[in-house]
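Dear colleague,

I am handing over the structure below, followed by what was found in it. Please read the notes alongside the coordinates.

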Amino acid sequence: MAADPTSAGAIVELDAVTMRFGQHTVTEPISLRIGAGEVVCIVGPSGCGKTTLLRAIAGLMRPSNGSVQIDGHDAANAPDGVAMVFQHFGLFPWKSVQANVAYPLRLRGVPKQAASQRAGELIALMGLGGFEHSYPHQLSGGMQQRTGLARALAADPRVLLMDEPFGALDAQTREVLQFELLRTWREQPVTTVFVTHSIDEAVLFGDRVVVLNGCPSAVVEVIDVKLPNRHDRDVLRSAQFIDLREHVWSLVMADAHGAQARGVRDHPVGA
Ligand SMILES: Nc1ncnc2c1ncn2[C@@H]1O[C@H](COP(=O)(O)OP(=O)(O)OP(=O)(O)O)[C@@H](O)[C@H]1O
Ligand SMILES: [Mg+2]
């Protein structure tokens, strides 16, 4: 099991977090510390509690037991600084790309000109230059995802939480965006918790990969990944990548029969 950052260095700290809905216990106590600028990916079978855990980190749900702290504050009362990106970004349909991305800046009181300039930088970073004045319905799905990501980054979050943000994309667009996100992290590091069904994506992105499994689920392993050459597409064919992927796959699939028994018909854990 990989070492967590020390408590003092942790931005996100889960201490024995149990999530329950009524009588239904979703997770066993989960403890995890995430350091500044670290990208932690969470994988696990459908229904094991990934989104529930992310909502607890976002302060949208209180843990049934244990605590979640962001920068030493209870997640529910954390100062501004957590941005959550869902599978569907929920862009404002009546606002242009520029206005969508500038929105969190304006909300924080950034003057119009400065907000516009920063929004322009983020739009360029996400490869959307030239589409500033387009509206969401005029964009492809991938471009909408990139606008949503630019908007999340505009909030300058201390912590970025992403729940399967590329799940609805075709494989080609997804791969383009994966490498764009890696580039973005390199240029603008941000502490990130990334939930995905894709084991490839988790191994590509993660400094660490947390594998959840079981019912109620528990952390079965935390794997140190941080591939040295992950900005280069050739990494996908490297022996290190393939070995790690197989290892994570075996951990996730270990409970496939259990998932079927508890009525999870679809078990989308593939890349
Ligand atoms: N609002 C709710 N009320 C009751 N039970 C819920 C609620 N939200 C989630 N659950 C239950 O909690 C469990 C975990 O759900 P969650 O959405 O966190 O899983 P997940 O790992 O994100 O799954 P997926 O990979 O399919 O998105 C499931 O059994 C689900 O039925
Ligand atoms: Mg989910």
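The axes of helix H2 (residues 97-107) and helix H3 (residues 112-125) come within 8 Å and cross at roughly 125 degrees, where axes are lines fitted to C-alpha atoms, for helices over the stretch in contact, and angles run from 0 to 180 degrees between N-to-C directions. That makes H2 oblique to H3, because angles under 35 degrees count as roughly parallel, over 145 as roughly antiparallel, 65 to 115 as roughly perpendicular and the rest as oblique. The crossing of H2 and H3 is right-handed (left-handed if the near helix is turned anticlockwise from the far one by less than a right angle, right-handed if clockwise). For H2 and H4, the axes come within 7 Å and cross at roughly 25 degrees, and the two helices are therefore roughly parallel to each other; this crossing, too, is right-handed. Helices (H or I, at least four residues) and strands (E, at least two) are DSSP runs, numbered from the N terminus.

This is a predicted model, in which local features need pLDDT of at least 70 and side-chain atom pairs count only at pLDDT 80 or more, while totals for chains, interfaces and linings use all residues. Residues are numbered from 1 along each chain as its sequence is written, chains are lettered from A and ligands numbered from 1 in the order in which they are written, and side-chain values use heavy atoms, with hydrogens and water left out.

Turning to ligand 1, the residues around it include Phe-21, His-24, Lys-50 and His-197, a residue being near if one of its heavy atoms lies within 4 Å. The shell divides into four nonpolar, seven polar and one charged residue (Ala, Val, Leu, Ile, Met, Phe, Trp, Tyr, Cys and Pro count as nonpolar, Asp, Glu, Lys and Arg as charged, and the others, Gly among them, as polar), and its largest share, three residues, comes from helix H1 (residues 50-57). Among the polar contacts (here pairs of N or O atoms within 3.5 Å), a polar side-chain atom of Thr-52 lies 2.5 Å from an oxygen atom of ligand 1, and a polar backbone atom of Gly-47 is 2.8 Å from an oxygen atom of the ligand. Taken alone, ligand 1 exposes 630 Å², of which the protein buries 56%, by the Shrake-Rupley method with a 1.4 Å probe.

Two backbone details remain. Cys-215 and Pro-216 are joined by a cis peptide bond with omega about 0 degrees, and Pro-216 lies in the loop between strand E11 (208-213) and strand E12 (218-224).

Best regards

Technical notes: A polar contact is a pair of N or O atoms within 3.5 Å; within protein, one must be able to donate a hydrogen and the other to accept it, and residues adjacent in sequence count only if both atoms are side-chain atoms.
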